[in-house]
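Hello,

Here is the structure for your files. My notes follow below it.

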Amino acid sequence: LLYEAVNKSLDATIDSLGRTEFEQKLKTFRAALDVAKERCEERTVFPCGSNGELFLENDCYKKDFGCGYSCLDEVASAYSRSSVAE
């Protein structure tokens, strides 16, 4: 019941924004997400390794929040300047 209500509300919001424009912006977002995953996945240093070791030198804003932000900032900056982002 909750899922149906949320889905109906989301559809109404998308329709009020304009479904075509929403779908184009979603397509752009997904393309940017793919680029970010490709470029940042291996570069991101999390506070804990896969074996539990602690990395005090990491690229998170605070604790384990916003990890990979420096790479994501680079991708966002480059992406927003490209013609693809328009």
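The protein has three helices and zero strands (DSSP runs: helices are H or I of at least four residues, strands E of at least two, numbered from the N terminus). Along the sequence the pattern is α-α-α.

This is a predicted model: local features need pLDDT of at least 70, side-chain atom pairs count only at pLDDT 80 or more, and totals for chains, interfaces and linings use all residues. Residues are numbered from 1 along each chain as its sequence is written, and side-chain values use heavy atoms, without hydrogens and water.

Overall shape: the radius of gyration is 18 Å, whereas a compact globule of 86 residues would have one near 12 Å (taken over C-alpha atoms; the globule rule is 2.2 Å times the number of residues to the power 0.38). The C-alpha atoms fill a box of roughly 45 × 40 × 20 Å along the principal axes. Buried residues make up 16% of the 86 (buried is under 20% relative accessible area, exposed over 50%, partly exposed in between; 1.4 Å probe, protein chains only).

Salt bridges: the whole structure has four (a side-chain nitrogen of Lys or Arg within 4 Å of a carboxyl oxygen of Asp or Glu). Asp11, Asp15 and Arg19 are linked in a network. Arginine 19 pairs with aspartate 11 at 3.7 Å and with aspartate 15 at 3.0 Å, N to O. Arginine 19 is partly exposed, at 33%. Aspartate 15 is partly exposed too, at 47%.

Another salt bridge joins lysine 25 and glutamate 21, at 4.0 Å. Both lie in helix 2 (residues 19-40), four residues apart, about one turn. Lysine 25 is exposed at 53%; glutamate 21 is partly exposed at 48%.

Best wishes
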